[in-house]
Amino acid sequence: MTSPTLARKAKLKNHLVSAKAKLRQHLTLRRILLVAAASAAAFLLLLTVRALSASHARSPAGAASVSPPVSVRHNAQQQQQGGCAKLPGAVAEALVHYATANATLPQTGDELAATARLLARRAPCNVLVFGGLGPESALWAALNHGGRTTFLEEDAASIAEAAARHPGLGLDSHQVAYQTTLADADELLGLRGSPDCTASPPKDHALWEDHFECSPCKLAMRGLPAAFYETEWDVIIVYAPAGWVPEAPGRVGGAIYMAGMAARTRQPGSGETDVMVHGVDRTVEDSFSRAFLCEGYIKEEVGRLRHFAIPSHREKEGMPFCP
């Protein structure tokens, strides 16, 4: 007959054997679950990669749809070649100019910032400036680095002075003449209802020199350089002509009217033309910009600067002059 002590030892031994068996079974099951989970994850990852590859192969745009912007690719290429991006000459010259100039800009900081935001969004692009060959000329050229910035200026001395002040910018400047004066303001504003001035441009014609040279509309400017007609303008800044006395040309038509017509003859489907008019705190600029660039196209107004976004009027026949 076994003693109680031996019985307890035998019972404890049985419990230990049973516990070891259960532990081995548990570890084996855990390994199986882990292996199964890892296999499933690998399978799902492989399936996802294959699906993405197949989707990319089916896309007609393929690589173009995921290519980085040109500026990013350019910087990457420079880094691969061991070089670094240099500050563009136009930007460097503008920085030196404004750091050393002892002049007060005619526009406020908020007004300049509004145009700078627009150019930052659209540049490099085609920018046309009526006037503007003052302290801001270097700024417009620098902000549109890589694009075309053209100035139409009535004063030959201003053109020569700007070229001498900024030889490195190579400013594209042309002298123009205005045929209107502030004394004609009331008569010219009345032309808003004249079919000669508000007729829609032909669908098959871009900006057309003969249309304005032979136009019976007194607002049409004559003698504009070929540069005005050969380019589709993305941004037009109206900063001239001056209009402090009745004999001065003022912005009673000419620049504002031609800016509006250039925008309306833009190629269909190519977006809007942004037109910035400065000096709208004065009656003439306020009235003529609203009449010939249209209140319905006003996008923003900052201080004395008014921003219009004008669509092409060649999209469809009979499009009204103003919305």
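**Close-up views of disulfides and salt bridges**

**View 1. Glu301 and Arg306 form a salt bridge.** Their side chains meet with an N to O distance of 2.9 Å; a salt bridge here is a side-chain nitrogen of Lys or Arg within 4 Å of a carboxyl oxygen of Asp or Glu. Glu301 has a relative accessibility of 42% and counts as partly exposed, whereas Arg306, at 1%, counts as buried. Buried means under 20% relative accessible area, exposed means over 50%, and partly exposed lies in between, with a 1.4 Å probe and protein chains only. The model is predicted: local features need pLDDT of at least 70, side-chain atom pairs count only at pLDDT 80 or more, and totals for chains, interfaces and linings use all residues. Residues are numbered from 1 along each chain as its sequence is written, and side-chain values use heavy atoms, with hydrogens and water left out.

**View 2. Arg165 and Glu161 pair within helix α6.** The salt bridge between these two side chains has an N to O distance of 3.2 Å. Helix α6 covers residues 156-165, and the two partners are 4 residues apart in it, so about one helical turn separates them. Helices (H or I, at least four residues) and strands (E, at least two) are DSSP runs, numbered from the N terminus. Arg165 is partly exposed, at 29% relative accessibility.

**View 3. Arg121 forms a salt bridge with Asp274.** The closest N and O atoms of the pair are 3.7 Å apart. Arg121 is exposed, with a relative accessible area of 52%, while Asp274 is buried, at 2%. Both residues belong to a network of salt bridges that links Arg121, Arg122, Asp234, Arg266 and Asp274. In the whole structure, a search finds 15 salt bridges.

**View 4. A disulfide joins Cys197 to Cys217.** A disulfide is taken as a pair of cysteine sulfur atoms within 2.5 Å, and the S to S distance in this pair is 2.0 Å. Cys197 lies in helix α8 (residues 195-198) and Cys217 in the loop between α9 (209-213) and α10 (226-230), so the bond ties together parts that are 20 residues apart in sequence. The torsion about the S-S bond is about 105°, so this disulfide is right-handed. Cys197 counts as buried at 1% relative accessibility, and Cys217 counts as buried at 1%.

**View 5. A disulfide joins Cys294 to Cys322.** The sulfur atoms of this pair lie 1.8 Å apart. Cys294 sits in helix α12 (residues 283-294) and Cys322 in the segment after β7 (305-310), so distant parts of the chain, 28 residues apart, are linked. With a torsion of about -75° about the S-S bond, the disulfide is left-handed. Cys294 is buried, at 1% relative accessibility, and Cys322 is buried at 17%. The structure holds 2 disulfides; with bonded cysteines counted along the chain, they follow the pattern 1-2, 3-4.

**View 6. Two further cysteines are Cys125 and Cys214.** Cys125 is buried, with a relative accessible area of 6%. Cys214 counts as exposed, at 62% relative accessibility.
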